Amino acid sequence: MFSAVGQAMKAKFPGRQAVVLSNGPSVTAKAHILDNDMTIRPVRTAEGDVDIKQLEEALAAGEAEPVAMVLLSLPCARSAGHCLSMANLREVQQLAHKHGVPVVFDAHRFVFNAVHILDTDPDFKGSNLRRVTAELFKLCDAFVSHTRFA
């Protein structure tokens, strides 16, 4: 996926480097992004949530610095495994779509994030993992996943 996006961004914005906005990509995703001549801009708070103000500023600057996607790690390994709230994810999707930018989940550990939402979000009290997961994946346009061998 990253190679296709990188090629499309080069064709659409010749001579300009596309940026991926992220709360902290996995090592594997980072390698693919950089290998396809895109750069990464962090948009996260110290706690690991997506910083909505930073995201909005970066999306608004899209003409000067074209945004390829918003890539969200679930949970964010760059902030000690911080899980994102459903409310934060909804804000991200709404803002990204307003600017015509896709939201992509780096979802290889999404179940940790889904369990966190199930345990902490009052809107999902008494719910089940299937419902949380379904709602979670409604908030992305695509997802990537990978495996590691120990």
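**Helices α3 and α4.** I looked up how helix α3 (residues 52-60) lies against α4 in this predicted model, and their axes come within 10 Å and cross at roughly 10°. Axes are lines fitted to C-alpha atoms, for helices over the stretch in contact, with angles from 0 to 180 degrees between N-to-C directions. α3 is therefore roughly parallel to α4 (angles under 35 degrees). Helices are DSSP runs of H or I with at least four residues, strands are runs of E with at least two, and both are numbered from the N terminus. I noted I52, L55, E56 and L59 on the α3 side of the contact, with N88, E91, V92, L95, A96 and K98 on the α4 side (heavy atoms within 4.5 Å). These residues comprise six nonpolar, one polar and three charged; Ala, Val, Leu, Ile, Met, Phe, Trp, Tyr, Cys and Pro count as nonpolar, Asp, Glu, Lys and Arg as charged, and the others, Gly among them, as polar.

**Helices α4 and α6.** I next checked α4 against helix α6 (residues 129-137), where the axes come within 10 Å and cross at roughly 25°. These two helices are therefore also roughly parallel to each other. On α4 I found M86, L89 and R90, which meet V132, E135 and L136 of α6. Four residues of this contact are nonpolar, none polar and two charged.

**Confidence.** I read a mean pLDDT (the predictor's confidence in each residue, from 0 to 100) of 88 for the protein chain, with 93% of residues at 70 or more.

**Conventions.** I number residues from 1 along each chain as its sequence is written, and side-chain values use heavy atoms, without hydrogens and water. Because the model is predicted, local features need pLDDT of at least 70 and side-chain atom pairs count only at pLDDT 80 or more, whereas totals for chains, interfaces and linings use all residues.

Technical notes
Parallel < 35°, antiparallel > 145°, perpendicular 65-115°, else oblique.
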